[in-house]
Amino acid sequence: MEYIKHLNFCKSYSEIKLSDLPQAGGKNASLGEMIFALSPKGIRLPGGFVLTADAYRLFLKENDFEKKLTAELLSLDTKELTNLREVGKKCREIIASGKLPDDLLQAITENYQAMKGFPAPVAVRSSATAEDLPSASFAGQHDSFLNVKGVEQVISAILRCYVSLFNDRAIKYRIDNHFEHMQVALSVGIQQMVRSDTGSAGVAFTMDPETGFKNVIYLTGAWGLGENVVQGAVNPDEFYLFKPAIESNKKSIIKRKLGAKENMMVYSEGTEKPIKNIETPASQRNIYCLSNADAEQLGKWCFIIEKHYGLPMDIEWAKDGETGELFILQARQETVHSQKKAVSTKEYKLNSKEQPLCTGKSVGKAIASGRVSIVQSLADASKVQQGDIIVADITNPDWNALLRKAVSIVTNKGGRTSHASIVARELGIHAVVGTMDATSKLHDGQIITVSCIDGDEGNVYDGKLEWEEKEILFDQGKETRTKPMFILADPDKAFGLSFYPNQGVGLLRMEFMITNTIRIHPMALVKYDELVDSNDKRAIEAITSNFTDKKQFFIEKLSESVAMVAAAFYPKEVIVRMSDFKTNEYSLLIGGKNFEPHEENPMLGFRGASRYYNERYKEGFGLECQAIKVVRDEMGLTNVKVMIPFCRTVEEGKKVIETMKEFGLERGTNNLEVYVMAEIPSNVILADEFAKIFDGFSIGSNDLTQLTLGIDRDSAVISGLFDENNRAVKEMLTQVIQTAKKCGVKIALCGQAPSDYPEFAQFLVDQGIDSISFNADALLKGIENIRIAEEQVSKSKIQEVTL
């Protein structure tokens with residue numbers, strides 16, 4: 001397509017590079033840069049032309065607006081903003097009264113007529129010269145218009161873009177970020193419209209927008225035009241993609257989450273409202289808006305874009321429903337986490353656990369209490385007081401001034417890339433988005449507590465709850481010989497915890513993932529077709545409705561949960577303990593009562609290794625093995641190792657190893673290591689024989705203590721006798737550590753005692769243990785105890801040499 005040049009007023013996107021930001025603005029300069037540099041690498045971007053900043057300046061000059069605007073802006077109360085509405089309105093009226101000079105009209109008309117498919121619809125997008133900078137994104141401050149068709153409508157949209165430079169929110173944003181009003185000019189992009197109204201669209205970040213974790217790409221999307229996702233008007237689908245898997249051409253999607261996608265924005269007939277929102281058909285709400293292949297393709301493009309810019313990026317994408325083609329619409333630097341360096345974090349703990357009034361996606365990590373102020377529009381602005389919690393269906397860029405008064409935000413709709421989420425991050429407050437029902441469950445003046453401390457989930461509680469908070473410094477210090485590792489259960493917390501000083505995950509508990517994400521007994525999925533009609537079978541059908549093969553539901557959900565943790569700590573090792581429910585716990589899963597025997601003492605019954613080769617559960621164990629195989633072989637997360645719990649005999653260990661091989665998990669293949677829990681006296685007594693069939697031991701101090709001392713650790717009557725420091729327990733620990741050393745296999749311990757008792761940490765370090773795993777809240781204290789213990793060992797060695 002040939003674009004007509006008119007002085008310096010119009011340029012084709014293909015002529016523009018990032019260095020043209022003073023003329024093209026941040027958004028347009030980035031688009032031109034990608035078309036020039038990244039189209040050859042296969043990234044597809046819609047073409048078009050740009051009306052430059054000089055064109056805007058000519059418009060001001062020809063209409064003699066500069067002095068009028070300057071005078072109005074000088075009258076603005078920049079401290080209290082008491083007259084912002086009045087000044088903003090007058091500035092907008094001044095711009096709206098203007099006419100585009102003939103040279104501009106000719107340039108716009110000729111370039112628009114030269115576009116492919118004229119008079120096909122276009123997007124008319126604002127692009128300020130102070131936009132998409134590292135310190136200020138200007139996201140949502142200026143207006144853009146979709147499905148614009150015809151010369152007159154394009155010219156009208158351009159003028160409305162100029163007007164939007166003086167939106168109240170844009171004026172305030174410039175004040176807050178110390179930009180001179182008249183120094184900021186506006187470029188306008190006229191871009192070929194991607195028919196995502198019949199396809200899908202959304203937003204991607206080349207890092208986790210919540211934690212700043214940089215090894216993933218986070219995609220969100222919904223059916224129809226992308227404005228619903230950007231504005232937070234829908235709860236979108238979510239995809240996490242692992243960058244090293246993208247680089248090595250492995251399966252890069254490590255997690256998917258289906259969003260409600262309540263509405264979809266589509267084209268509308270007529271010029272007054274060229275777009276409209278309609279309810280998304282149920283058939284589309286229940287499926288992902290992107291195929292896995294499309295999500296992986298977008299992931300590759302996002303990865304290429306990030307590498308080109310050398311920075312974390314915020315990217316908009318669209319899929320054309322007519323052609324099936326994917327497009328990148330724009331890309332700008334992420335402006336929150338890219339400006340931070342993680343040196344500390346705050347830890348929060350609620351002192352009481354109430355039933356939440358509503359639940360959604362957490363944005364940020366904090367707790368706050370305050371008065372509810374339900375906001376439906378700017379007409380409600382006067383009732384919002386400093387320290388309120390703003391509750392809304394969705395937020396709007398026009399609300400930025402009043403959002404600054406809030407200590408937290410709660411919305412019915414939206415995801416982690418919505419306007420509410422972005423503004424919350426920029427303001428340094430937390431939010432709960434996508435609750436579905438906050439405006440109906442909460443009322444004006446109600447005191448509530450908003451908690452975002454439970455990973456992915458944000459909760460809203462009635463009343464002012466009490467909580468504790470403390471500052472955690474990430475003191476890397478001197479690395480210890482004894483590896484400090486995590487005990488983890490919740491995958492949603494993994495990205496944030498990866499910033500703590502650590503050497504990986506020594507114990508990843510599978511049970512939490514099965515209980516919270518899958519909820520169904522594995523054998524109920526294996527034997528689904530044989531289940532009699534019941535409430536359990538109907539519940540299973542509802543949960544797994546998108547899966548013809550019910551077994552695949554278990555494999556997919558478990559592999560995603562494990563992969564999120566493995567990706568968070570990659571390439572450090574993550575040791576996954578295969579399921580260790582007791583029969584009474586298994587029976588609580590949906591469909592579980594059909595497959596579990598009743599036992600008087602489940603703690604010593606049908607649990608751990610004994611289940612894996614038993615016909616009662618063998619096929620269920622096979623699903624666990626297949627999930628691990630997906631993570632290691634298809635996703636390339638070979639830092640995952642597995643651990644077998646409660647293995648009573650050497651013969652049982654051999655049976656488990658053989659059973660794993662039957663299901664495609666073979667020790668040694670693709671460097672797979674298999675560990676065993678040392679938690680039964682037989683594991684200690686025959687440690688040299690266990691060491692021949694396993695790659696190492698992890699001491700389960702709770703079970704080993706109870707079985708050595710003959711104590712039921714759940715008994716309140718004799719709980720005072722439970723003591724890891726007991727001499728008999730320490731004898732067992734010494735024996736298994738020394739045997740492991742002699743056999744040349746790794747030996748670790750998982751438990752709280754080394755953080756609670758410095759002398760216990762000293763004992764383990766003296767014995768030469770390889771690693772100690774801690775719960776997250778005990779890790780830093782545990783590391784401190786390890787350091788002190790190792791310093792004591794060093795001093796003792798020096799004294800021995802001196803003597």
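**Figure 1. Phe581, a buried residue in a loop.** In this predicted model, Phe581 has a relative accessibility of 6%, so it counts as buried, the cut-off being under 20%. You'll find Phe581 in the loop that links strand β25 (574-577) to helix α20 (583-586). What does Phe581 touch, once its neighbours within four places in sequence are set aside? Its contacts are Glu511, Ile514, Thr515, Tyr586, Leu589, Arg607 and Arg611. If you want a sense of scale, look for Asn639 too: Phe581 and Asn639 are 58 residues apart along the sequence, and their C-alpha atoms are 24 Å apart in space.

**Figure 2. A five-stranded open sheet.** Follow the strands across this sheet and you'll read β1-β2-β5-β3-β4, with antiparallel pairing. Strands β1 (10-12) and β4 (144-148) are at the edges with a single partner strand each, so one side of each has no neighbour in the sheet. From one strand to the next, the twist averages 20°. Now zoom in on β2 (residues 48-51) and β5 (residues 186-192): these two run antiparallel and are joined by four bridges. To see how the pair lines up, pick out Phe49, which stands opposite Ile190 in β5.

Helices lie against this sheet as well. Helix α1 (residues 21-37) packs on the sheet and touches β2, β3 (122-128), β4 and β5, with its direction at about 125° to that of β3. Helix α5 (residues 102-113) lies across β1, β2, β3 and β4, and runs at about 170° to β2.

Figure 3. Is Ser187 buried or exposed? With a relative accessible area of 0%, Ser187 is under the 20% cut-off and so is buried. A polar atom of the Ser187 side chain lies 2.9 Å from the backbone oxygen of Leu51. Leaving out residues up to four places away in sequence, Ser187 touches quite a list of residues, including Gln23, Ala24, Gly25 and Asn28. Also among its contacts are Val50, Leu51, Thr52 and Ala53, along with Arg125, Ser126 and Ser127.

Figure 4. Strands β6 (residues 200-205) and β7 (residues 216-223) pair in the antiparallel sense over six bridges. One spot to look for is Gly202, whose bridge partner in β7 is Gly221.

**Figure 5. Helix α26 and what covers it.** Which residues of helix α26 (residues 701-709) are buried? They are Ser701, Asp703, Leu704, Thr705 and Gln706. Their cover includes the strands β27 (674-678), β28 (696-700) and β29 (746-750). Helices α24 (681-685) and α27 (727-743) are also part of that cover. Just after α26 comes Gly710, with a positive phi of about 65°.

**Figure 6. Stepping back to the whole protein.** Zoom out and there are 30 helices and 30 strands in the protein. The radius of gyration is 30 Å, close to the 28 Å from the globule rule for 803 residues, so the protein is as compact as a globular protein of that length. Along its principal axes, the C-alpha trace spans about 95 × 60 × 55 Å. Of the 803 residues, 58% count as buried. The protein exposes about 32900 Å², and carbon and sulfur atoms supply 49% of that area.

Terms used:
Residues numbered from 1 in each chain as written. Predicted model: local features only at pLDDT ≥ 70, side-chain atom pairs only at ≥ 80, totals over all residues. Heavy atoms only, no water. Pairing = 2+ DSSP bridges. Axes fitted to C-alpha atoms, helices over the stretch in contact; angles between N-to-C directions. Contact = heavy atoms within 4.5 Å. Buried < 20%, exposed > 50% of the residue type's maximum accessible area, 1.4 Å probe, protein only. Polar contact = N/O pair within 3.5 Å; in protein donor to acceptor, adjacent residues only side chain to side chain. Rg over C-alpha atoms; globule rule 2.2 N^0.38 Å. Areas by Shrake-Rupley, 256 points an atom, 1.4 Å probe, with all protein chains shown as cover.
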